[in-house]
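I opened the model to look up a few things and keep notes. My entries follow the structure.

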Amino acid sequence: MFPRSLGTVNELFAPPGNDWRPVSPALARLRRTVLVSVAGIALVITLVLGLVLETPVWPVLVVAALLVLVVAGGWVLIGRNARWWGYAERDEDLFIRHGALFRTLVVVPYGRMQYVDVQAGPLEQAFKIASVHLHTASPGTSARIPGLPADEAARLRDRLTSLGHAQAAGL
Amino acid sequence: MSLPGPPLERAERPYKRISPLTPLVRSFILVVAVLASSWDDLLRGDIGPLAWILLTMLVAGAVYGAASWWRTKYWIEADELRVDTGVISRQSRRIRVDRLQGIDIVQPFVARLFGLAELRMDVAGGGAREGSLAFLPLREAQGLRETLLARRDAVRAPRSSNEDRVDDPVTPVTPGPERVLARLDLGTLLVSLLLSAETVGFVVAAVVLGALFVEFGQLGGLAGVLPVVAGFGVALFRRLSAYYGLTVAETPTGLQVRRGLFELNAQTIAVARVQGVVVTEPLMWRRLGWARLDVAVAGYAGSGSDGGPSASTVMPVADRDLVLWLARRLLEASGAPDPSSVRLTRSPARARWVSPIGRRFLASGVGDDLLVSREGVLTRRTHIVPHARVQSLQLTQGPLQRTLRLADLQVDSPPGPVKVRARHRDAVEARGLLDRADALARAARSASGPA
C-alpha cells in the first residue's frame with residue numbers, strides 16, 4: 001500500500017511504527033467514475049453542438065483530445081491522491097495523512113475529540129463507502145478520512161467515541 | 001375585593017425581577033427622539049397627526065415594556081440559573097451553572113446613566129453569547145455574578161481532580177477581595193494610538209485632502225477623502241473609549257479586566273480556561289518597548305480583526321516586561337511559567353525561496369511547557385500555547401517546500417486570536433518538533449487529569 005518509490009520523504013509523514021491503514025480502493029473508483037462521467041457528458045455536448053452548429057471537424061477533435069488528456073491526467077492524480085490517504089490508530093491519538101501534492105499529517109488526540117461524524121452521500125452509498133470526520137474544539141483541525149468501507153467507518157466511529165470518552169481532557 | 005397577591009407556590013420560589021427601568025433603557029433613544037420631535041407640538045397644545053401616531057406608539061411600547069418587565073423573572077434553582085421571559089409566547093431559559101465559562105458585566109452608556117448593568121454569560125459549547133440578563137442595578141449584577149461563579153466552583157470542585165483548583169468552595173456573595181495587577185495609564189494609551197496604523201492612515205488621508213485643496217483651490221476631492229479621514233478618526237476614538245481606564249485585577253474567580261469610557265465593561269478571565277496568549281509588537285511601538293497582550297479563552301471567540309476594540313485584549317499597550325509578566329500570570333494555571341525560557345530558532349536559509357522577506361522574522365520553538373512561534377514583518381506577533389491546551393497538530397508540506405525539504409507545523413487551538421505556526425522549518429526538524437509536541441501534550445493531558 002505504501003508507494004516505495006517516494007523513499008525517505010514518506011518517513012516524514014509516517015507514524016512511529018509505520019502501521020498505516022489505507023482507505024478503500026472504492027474511493028478512487030468513485031472519483032474516477034465521476035471524472036469519466038463528467039468528461040463523457042462534456043464530449044456528448046461538444047458533439048451535439050458541433051452537429052447542430054455545423055462547425056468544421058477540427059474544433060470538435062481538439063476539444064475531444066483535451067478531454068481525453070484531462071481524463072488521463074485526472075486518472076493518475078486520483079490514484080496518487082488515494083494512495084496517500086491513510087490513518088493510524090495509536091494508543092492516545094489518531095494519525096491521518098493525506099494529499100500527494102500538498103501533504104498533510106494531522107495528529108488528533110482522542111481526548112480532544114468533541115464529536116465524530118460519519119457521512120455517506122448517495123454516490124458514496126452506491127460505492128459502499130463513508131467518510132469519518134473528527135471534530136475538536138478547534139475549527140482548524142482538518143481531520144477527515146474519506147472512503148472508508150461502511151463497516152470500517154462504523155467501527156472507527158465507535159472506537160473513537162469510546163476512546164474519546166475514556167481519555168476526555170478538559171479544555 | 002381581594003388583593004391580587006402572588007399564589008403560594010410562587011411565594012416559595014424566591015424569584016427576582018430585572019430593573020423596572022429596563023424598557024426605558026432599551027428604547028431610550030427612541031423615546032428621546034419621539035419626545036424631541038413632538039415636544040413643540042405638545043407645548044403648543046395642537047398635536048398633529050404624526051405626533052399622535054408617535055405618541056400612540058410610545059404608549060403601546062411602554063405598555064409592552066412594562067408587561068415584558070413584569071413577565072421577566074430569574075432565580076437560581078438546583079445549579080441552574082432560570083430566566084423566564086416573554087409576553088405573548090413564554091420562554092424559559094435554563095443556564096447550567098457548571099457550564100458557565102465566564103460572566104461579563106457590561107454597562108452601555110444609557111444604562112450607565114441609570115446605574116444599571118447587563119450580565120452576559122458565556123456558556124460552554126456555544127460560540128455565541130447565549131445568556132444575557134439585562135438590566136440589573138449594578139450592585140445586584142455584581143452580587144449575582146459572584147454568587148453564580150462561586151456556585152459554579154462549588155459544583156465543579158468535587159468532580160475535578162485538580163488540586164490547585166479547589167481553592168475556596170465557600171460562597172462569597174459579596175464581591176471578593178481583589179488586587180490590582182496593572183493599570184493602563186491614559187498617556188500611554190494616547191501615545192500608542194498616535195503611533196498606530198490608523199493614525200498613519202488618518203495623516204495620509206488628511207495630507208491628501210490638504211494637497212487637493214492647495215492644488216485645486218476647492219474641496220473637489222472632499223467627498224471622496226473625508227469619509228476615509230472620518231473613518232480613521234472614528235476607529236481611533238472607538239479604541240480610546242473602549243480601553244479608557246483599563247484595569248487588570250486579580251479576583252478569586254479569575255483575572256478581571258475592567259475598561260471603558262462611556263460603556264463600562266468588566267470581563268473575568270478564568271485562568272484555568274486560558275488557551276494561549278499573543279504578544280503583539282507593532283513596528284512603531286518597538287522603540288518604546290511597548291507591546292499588547294491578547295488572550296484566548298475557551299468559549300470566547302472574541303471579536304473579528306476589524307481593528308476595533310477586541311474582547312480578547314487583556315492589555316492594549318504596556319511595557320513589554322509588564323505584558324510578559326501578565327502573560328506568565330495567565331499561563332500559570334497550565335503549569336507553564338515562562339515564555340521567555342523557550343528558545344526560538346529561525347528557519348533555515350533556504351526558506352528564503354518561499355518567503356524572501358518574512359523568513360527573517362519567522363521563529364519558533366518547542367519548550368518543555370510551551371509552544372511558541374513568532375512572525376510578522378511590520379507587526380511582530382508572538383503566539384504562545386501551553387502543551388496542555390493543544391487541540392491537534394498538523395504537519396504540512398507543499399510542492400515547493402518539498403523540493404526545499406521544508407515543512408510547516410501548525411498547532412490547532414479553539415477559535416480565538418492564538419495560532420502557533422512553525423513555518424518553513426527543516427522538514428526532518430519539523431517532524432521532530434511534531435513528535436516532541438505530541439509527547440509533551442500527552443504528558444500534559446494526563447497530568448491535568450480528566451475534566
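Entry one, the sheet. I am working with a predicted model. I traced an open sheet of seven strands with antiparallel pairing. I read the strand order as E1(A)-E2(A)-E3(A)-E4(A)-E19(B)-E20(B)-E21(B). I then asked which strands stand at the edges. They are E1 (21–22) of chain A and E21 (421–426) of chain B. Each has a single partner strand, so one side of each is left without a neighbour in the sheet.

Entry two, one strand pair. I followed strand E20 of chain B, residues 406–412. It runs antiparallel to E21(B), and four bridges join the two. I looked up B:Leu406 and found its bridge partner in E21(B), B:Asp426.

I located B:Arg26 in helix H2 of chain B, residues 22–26. I counted 18 C-beta neighbours inside 10 Å, so B:Arg26 is partly exposed; a buried residue would need 20 or more. I also checked B:Arg26 against B:Asp408. They lie 382 residues apart in sequence and 50 Å apart in space, C-alpha to C-alpha.

Domain 1 of chain A gives five residues to the contact, and domain 2 of chain A gives eight. Which helix supplies the largest share of the domain 1 side? Helix H2 of chain A, residues 26–53, does, with four residues. I sorted that domain 1 side by type: three nonpolar, no polar and two charged residues.

Note on methods:
Residues numbered from 1 in each chain as written. Chains lettered and ligands numbered in written order. Predicted model: local features only at pLDDT ≥ 70, side-chain atom pairs only at ≥ 80, totals over all residues. Pairing = 2+ DSSP bridges. Buried ≥ 20, exposed ≤ 12 C-beta atoms within 10 Å, placed from the backbone. Contact = placed C-beta atoms within 7 Å. Nonpolar A, V, L, I, M, F, W, Y, C, P; charged D, E, K, R; others polar.
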